[in-house]
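This report describes a protein model, going from the whole chain to single residues. Please keep the sequence and the structure at hand while reading.

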Amino acid sequence: MGLDTAVKPLSTLHERASYDVADFAVPTGREEEWRFTPLSRLRGLHEGVAASANVTVHVDAAPEATVETVGRDDARLGRAYVPADRVSAQAYASFEKATVITVPREAVASAPTVVTFTGSGTGTAYGHTVVRLEPMAEAVVVLDHRGSAVYADNVEFVVGEGATLKVVSLQDWADDAVHVSHHHAQLAKDAVFRGFVVTLGGDLVRLSPSVSYSGPGGDAELNGLYFVDAGQHLEHRLLVDHSTPDCRSNVDYRGALQGADAHAVWIGDVIIRVEAEGTDTYELNRNLLLTDGARADSVPNLEILTGEVAGAGHASTSGRLDDEHIFYLQARGIPFDDARRLVIRGFFAQLLEKIEIPELRERVLARVEAELEK
């Protein structure tokens, strides 16, 4: 498939959408959508020349869910999302098998469905996943990434009318891994989507969550937590495309950075189109710089094309630990290291509470605690 001219541009940073890799030039790093990404560390992903590797996909599904491994010709693939950059198009053109998870109409999943992606090499692998909730269904899905690989993939979340989907995507890769991924949620009338991204591992991770609405009443929340160590590049590029009346979105991403050349990038794009009257949206990004040498780039973008909105706003902050908070705790006999740890836990606490799976919440908290011990 070539350039899809019927698809509206997703944002000023994504002016075209196509399944065909040839429709996207090889990035040079001078493009706005690539200027923060160190292309030399992508190991050929943006050029399509990387050697192949293996990423296994294992699904521990809820009893109510159906899991299928399908070929490229399955009609359900690529229906909700058209790639908007070269790596995403390369992933779509290169995967061999896709995983399709379906929760049937009005079914309420009695347990989370856990999809584990495990890398076992330094070459490149490509993947595609579709999660489909039929009308009035409810489900929780966990995407757990681990091991070592160079991996590019696309994930489609298709949330039917009145359905509720909650997703936790955990990037807990080995230190040498590279992961470039696009997650797209398409919400039907009165659908609810709750996405939570946790990015802790990997050498370079560039994750692009996006949301679109195909009917009024859609409600999306995108939350994220990341901890960036010395030398890591963790990048999150969000897009919420409001093109339908009376829909809601809320974005809250928070990160902590420590060590030389620790680099976090957060781009938050929200578009409210002319036809999207009654939209209610807000986006927030907060970064906590724990040491010298760490850098956080935070760019919220809000484009409003109608005057009839219920609410629209954004905020971005990047700063160091509050000395007053540390002093307050030390004045009560708490040693500095413990005081620092308590302040950082408090910074993440409100978000962590939104992970409804207790063992997963504890796993994330333990990983954050381990980062603080470094």
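## Basis of the model

The model is predicted, so that local features need pLDDT of at least 70 and side-chain atom pairs count only at pLDDT 80 or more, while totals for chains, interfaces and linings use all residues. Residues are numbered from 1 along each chain as its sequence is written, and side-chain values use heavy atoms, with hydrogens and water left out.

## Overall fold

The protein has four helices and 16 strands, where helices (H or I, at least four residues) and strands (E, at least two) are DSSP runs numbered from the N terminus. The C-alpha trace spans about 60 × 50 × 45 Å along its principal axes.

Of the 374 residues, 56% are buried, a term that means under 20% relative accessible area with a 1.4 Å probe and protein chains only. Contact means heavy atoms within 4.5 Å, and among contacts between residues at least 6 apart in sequence, 85% join residues at least 24 apart.

## Helix α1

Helix α1 covers residues 86-94, and seven of its nine residues are buried, namely Arg 86, Val 87, Ser 88, Ala 89, Gln 90, Ala 91 and Tyr 92.

## Gln 171 in strand β6

Gln 171 belongs to strand β6 (residues 164-171) and counts as buried because its relative accessible area is 0%. The side chains of Gln 171 and His 145 make a polar contact of 3.1 Å; such a contact is a pair of N or O atoms within 3.5 Å, one able to donate a hydrogen and the other to accept it within protein, and residues adjacent in sequence count only if both atoms are side-chain atoms. Not counting residues up to four places away in sequence, Gln 171 touches several residues, including His 145, His 179, Val 197, Thr 199 and Leu 207.

## Asp 297 in strand β15

Asp 297 lies in strand β15 (residues 295-304) and is buried, because its relative accessibility is 15%. The side chain of Asp 297 makes a polar contact of 2.8 Å with the side chain of Arg 295. Leaving aside neighbours within four places in sequence, Asp 297 is in contact with Phe 36, His 263, Ala 264, Val 265 and Trp 266.

Notes:
Buried means under 20% relative accessible area, exposed over 50%, partly exposed in between (1.4 Å probe, protein chains only).
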